Amino acid sequence: MPEATKKTFKNTLNLPKTGFAMRANLVQNEPQSLKRWAKMKLYEALREQRKDAPKYVFHDGPPYANGSIHLGHMLNKVLKDFVVRTRSMEGFDVPYIPGWDCHGLPIEHKVMQERMEAQAEERDQGTEPSSDQGTANSQSDIGNPTSEIMNVRKACKKYANKYIKLQAKQMQQLLTLADYDNPYLTMVPSYEAAVLEVFADLVGKGLVYRMKKPVHWSIDNQTALAEAELEYEDREDTSVYVLFDLADASSLKLRDKVVAQLPGAPLSLMIWTTTPWTLPANLAVAVHEKYDYGLYRVKTNNHEHVAVIACDLAKPVIEAAGGEYTEPLAVLPGSELVGLKYRHPFLNDHADRPVVAADYVTLEDGTGMVHTAPGHGVEDYQTGLREGLDIYCPVQADGTFDNEAPDWLRGQSVWQGNDLVVDKLTESGHLFHANKFLHSYPHDWRSKGPVIFRATEQWFVDVNKPFEQQSGDNASSVKQRALDTTESGVKFYPEWGRNRMRGMLDTRPDWCLSRQRSWGLPIPAFFGPEEDQVLLTRASVQAVADLIREKGSDIWFVAEPKDLLERYDANSDPDAPNWIKSEIQNPTSEITKAGDIFDVWFESGSSWNAVIRQRGLARPDDAPAVTDLYLEGSDQHRGWFQLSLLPSLGVLGKPAFESVLTHGFMVDKDGKKISKSDKEQAKRIPGIDDIFKDFGADICRWWVSSLNTDNDIKVDIDYFQHAGEEYRKVRNTLRFLLSNLGDFDMGKDRQRFEDEDAGSVDAWVTGELIKLSDTVRAAYENFEFRKAHIALFNFCNDTLSADYLTAVKDRLYCDKIDAPRRRRSQSTLYRVATTLIRLLAPVMPHTADEAWQALEGENTDCVHLKEFQNVDCMRQIPVNEDWPMVMDQRDTWLKALEDYRQANDLDNPLDCGLRVPKTDSVDLSAFDATDLADLCGISRFEITDGDTIEVIDLRNEPRCERSWKRDGTVKERTYEGETCLLSDRDAEALNI
């Protein structure tokens, strides 16, 4: 019998048709989606549709309006968009307000740089400086501090607006869904007023104070810094061991014994410090009362001394200096050192300084005797307060020594001071040993320069002061409330964030609010003509807040104090100091306004009030938190998370958030920090503009969904390319689904599943689809986006492409167009498509919406207005419970087929059949034999009573010229006047 004729049957097949293209052309087509969504006002339409739905309150942490976004921003904004879209598709109303941090040093620093460069260029050209650069507007403005500040602020505002516009465009290019028409900006009057309202409440609770206190100080930018504004980098410094001569050792026990052994040798305390420049500010030496201290013979410049050193540290100290360790001349407890007096090694002030006790003295390094300068360290400061010492700091804002320092240090920088102090100690014979060493040291996160501890007058929030939130409450501090809340009142994703944040809270100092700059929100304090006359009450702050809400914070810098206090009634303010009541009425009042601005972290840390509460988005008053979720990088455990938590607990008594989700940072594929200056890295790591140009947003978003974001994330161009390959597999899967639904109308053509269909491949994939929906939605619910990604890809790549779609391809192409079996598979394809597209929509918004239009028609609602497909109705479809065992056995069948084909040079699996023995584990007769054959890609599947799997070689049997199957029904038939070989199924499709 002949195998074939020249007749072609291609035009008789139900070949796939769709407008959903194989090539995505994302770079060209995604902007069209953005235009479509903008035209339909998608964000507003979603709010209207969900207006009666339960709310999910998700708050955007503000990026800084300073330059283009980078890969870290991309990660952060895409993860946030996953949350917005998944919660929306679960049926929640998720209003999402994007925000920007606008004030602060980085912008001011950049503006001042540009300004100086522009002025220098204009001077070179012999022209007058232009006002656009923040310079004086007229000759009369020159030297006018107010005019100078206002010009700087004007330039900073212009700079911030420029980058807000750029970043908003880039974030929308990432296909993020947010209220970009109404963002929140920390520099707008309504936001500024809301920040001051938070501050007013903290003032009213007595949690704000002003004091001269050491803080991290940026020499480069001449301002205080918060912990969150520090970066720790390795730095080489000088470590010194210094001898402080005792002024009166007569009370020291065993003194006579020591003198007898070493007559004439001075008795000295040996201290150790890594900051020699702080020695001019030394006012005490701290020891631990319970440690043992020995008196040891040491030499400096060939002179012998008797030095007091902690016994446990003496040997390594002496040997590090090249000396020979000997047993101590005497040993005594630290308690007997307390109260002794010593003389400063190079200050000629003739003052006797005390030895004091301190529990923070350790035996980890040093000498067990701690040099104490209350103006240059937190613990030193606390000791100074306890002992009544002066908070002395001879260092100016620019990091140079003032006129109270020794003449040989005056005007020198602290870094020059290190070498000068070492030289002076060497000259006087008080230096025992000095060496260079490398250590981790705090640096200004913007200037990258090292910072110092420097005591200045600053405003602080007292995090340790107990207070009552409501009358009758158990009084506890903000810090303790934060510790208690993070212990059990907040969910952390991942869980390790809980201990990380608690550890940072446990060690945090009082919050320094002051910054000494121009671009920011002013701290609204006033000073009277006499020393210590300060006006800062809840009512006075609220009065200024009301004014700033109306006129903006610029008013602070141009208005007179009396005008700023126009809305303040001192007589009705129970907290008003007495002096203000008379002074405010004085026509010649000498009231002055404070010059500091707020730490920008206080501004962004008040966003729960300035955005969520002010816009009426907050959870109900009886809810345990203001919002459902905050999501940022893991550095924000000490930044925005913590600095939002503290004021919200102080003001409301509840946290700003119920849950915290954190992600790691981008590093290169070798785990190294990404650096703009690393040219080799730049070749491997694309910038944000390159990503948009080369890949498109959906591929980037697909890549983000694949990441384990709990830790740092490796990034390389290869990873984006791999994501592109995966994306194309998913897209082609969608395309196959859509292309085989062109002649199908779910309303008219849907095929019901009967009990006998439970063993069909359509029933099997329906069960797999339900599992997929349950898995992905649960993963989205728990922010496990990688888990959802894996499930979605495996379903597309394996369950559909490798298994189901391959199995039903024959019936879709070759069955009669309205054959019940074909319509049943198309009904299944539709269910798969409508469910899968919606599950993919949060991750690849453009592709999902494109696919949705191809499925439902261009005039349909946008997929992003839909909820996830409710698969409960699909659970009614009968699915044979033995399908998992059948699919396991299929692996064995496929292996037998592959082995036979390899051994017998058989290329086309349709030239094969299978005889499979019955088993006790599963009744194969309950399954459609044709479907089992299609699942194996063969022409025939038989169940036998044999013991082994048998592959049937069908090459000698007739093959259908239309479907290429050899199913045992193929015979000669006449079609359009020609004789051809057709199976019964194919003959029916051709109406023969």
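The structure is a predicted model, in which local features need pLDDT of at least 70 and side-chain atom pairs count only at pLDDT 80 or more, whereas totals for chains, interfaces and linings use all residues. Residues are numbered from 1 along each chain as its sequence is written, and side-chain values use heavy atoms, with hydrogens and water left out.

Met 211 is found in strand β4, where strands (E, at least two residues) and helices (H or I, at least four) are DSSP runs numbered from the N terminus. When its neighbours within four places in sequence are left aside, Met 211 is in contact (heavy atoms within 4.5 Å) with Tyr 381, Thr 456, Glu 457, Gln 458 and Phe 460. Between Met 211 and Lys 654, which are 443 residues apart in sequence, the C-alpha to C-alpha separation in space is 28 Å.

Strand β4, which spans residues 208-218, also holds Arg 210, and this residue forms a salt bridge with Glu 457 in which the closest N and O atoms are 4.0 Å apart. Because Arg 210 lies in β4 and Glu 457 in strand β16 (residues 451-461), the pair ties together parts that are 247 residues apart in sequence. Both partners are partly exposed, Arg 210 with a relative accessible area of 36% and Glu 457 with 38%. The term salt bridge denotes a side-chain nitrogen of Lys or Arg within 4 Å of a carboxyl oxygen of Asp or Glu, and by this rule the count comes to 61 salt bridges.

Another of these pairs is formed by Asp 201 and Arg 538, with the closest N and O atoms 3.6 Å apart. This pair links distant parts of the chain, since Asp 201 is in helix α6 (residues 189-204) and Arg 538 in helix α13 (residues 538-551), 337 residues apart. Asp 201 counts as buried at 16% relative accessibility, whereas Arg 538, at 35%, counts as partly exposed. The side chains of Glu 48 and Lys 51 likewise meet in a salt bridge, with an N to O distance of 2.8 Å; here Glu 48 is partly exposed, with a relative accessible area of 48%, and Lys 51 is partly exposed as well, with a value of 49%.

Asp 462, by comparison, is buried yet has no salt bridge, and the nearest side chain of opposite charge, that of Lys 465, is 6.1 Å away; in this assignment Lys and Arg count as positive and Asp and Glu as negative, while His and the chain ends are not counted. Asp 462 lies in the loop between β16 and α11 (478-489). A polar atom of the Asp 462 side chain lies 2.9 Å from the backbone nitrogen of Asn 464, and a polar atom of this side chain lies 3.1 Å from the backbone nitrogen of Lys 465. Not counting residues up to four places away in sequence, Asp 462 touches Leu 207, Tyr 209 and Asp 510.

Two packed helices are described by the angle between their axes and the distance between the axes. Helix α23 (residues 717-739) and helix α27 (residues 820-840) pack at an angle of about 145 degrees, with their axes 9 Å apart; the axes are lines fitted to C-alpha atoms over the stretch in contact, and angles run from 0 to 180 degrees between N-to-C directions. The contact is made by Val 730, Leu 734, Leu 737 and Leu 738 of α23 together with Leu 829, Val 832, Ala 833, Leu 836, Ile 837 and Leu 840 of α27.

Several backbone features occur in loops. A cis peptide bond, with omega of about -5 degrees, joins Tyr 493 and Pro 494, and Pro 494 has its place in the loop between β17 (491-493) and α12 (496-506). Lys 41, although not a glycine, has a positive phi of about 50 degrees; this residue lies in the loop between α1 (26-39) and α2 (42-49) and counts as partly exposed at 49% relative accessibility. A positive phi of about 70 degrees is likewise found at Asp 532, which is not a glycine either. Asp 532 is located in the loop between β20 (526-527) and β21 (534-535) and is exposed, with a relative accessible area of 71%.

Notes: Buried < 20%, exposed > 50% of the residue type's maximum accessible area, 1.4 Å probe, protein only. Polar contact = N/O pair within 3.5 Å; in protein donor to acceptor, adjacent residues only side chain to side chain.
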